[in-house]
Amino acid sequence: IIEKDIKTEYGEILDRLESAERRKMALLSHEIAEIRSDIERVDQISDAQKELIDLEPQTETEDSAFRMRYKQVQDNIDFALSKPFKLKIDVYPHDLPREAAERRAVVQKNIVL
């Protein structure tokens, strides 16, 4: 009975800890995906700028296409620059539940008494 009680009690503590870890990992995964998306956008803009630099429109049609492409690149740059980004990710490893340590402290306190 004692072993079953211990496994149940500490199993619940472990479940809560794992749940907190999953929430933190989900937040981090989302932030990583956002950062990767931003990096890909910057890479695409850089590639598009390199293409524009290499273009030398010879005809009016090519010049018109160049101007449209330039406008698209400029719009992408403006969007990338205006997109807010986080300087700090609000996920801390030190705020996970510490129920086991709290229980040990209570037991130690009661042993002293």
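Biologist: How far apart are the end C-alpha atoms of H1, and what span should its 53 residues have?

Modeller: Helices here are DSSP runs (H or I, at least four residues), numbered from the N terminus, while strands are E runs of at least two. The expected span is 1.5 Å times one less than the number of residues. H1 should therefore span 78 Å, in agreement with the distance between its end C-alpha atoms, 77 Å.

Biologist: Which pLDDT is required before side-chain atom pairs count?

Modeller: Residues are numbered from 1 along each chain as its sequence is written, and side-chain values use heavy atoms, leaving out hydrogens and water. This is a predicted model, in which totals for chains, interfaces and linings use all residues, local features need pLDDT of at least 70, and side-chain atom pairs count only at pLDDT 80 or more.

Biologist: Which helices do the buried residues of H1 pack against?

Modeller: Buried means under 20% relative accessible area, exposed over 50%, and partly exposed in between (1.4 Å probe, protein chains only). The buried residues of H1 are Ile13, Ala20, Lys24, Glu31, Ile45, Ala48 and Leu52. They pack against H2 and helix H3 (99-112).

Biologist: Is Glu31 buried or exposed?

Modeller: Glu31 belongs to helix H1. Contact means heavy atoms within 4.5 Å, and, leaving aside neighbours within four places in sequence, Glu31 is in contact with Lys86 and Ile89. Because its relative accessibility is 14%, Glu31 counts as buried.

Biologist: Which residue forms a salt bridge with Asp38 at 3.1 Å, N to O?

Modeller: A salt bridge is a side-chain nitrogen of Lys or Arg within 4 Å of a carboxyl oxygen of Asp or Glu. The side chains of Asp38 and Lys83 meet in one, at 3.1 Å. Asp38 lies in helix H1 and its partner in the loop between H2 and H3, so the pair ties together parts 45 residues apart in sequence. The partner of Asp38 is Lys83.
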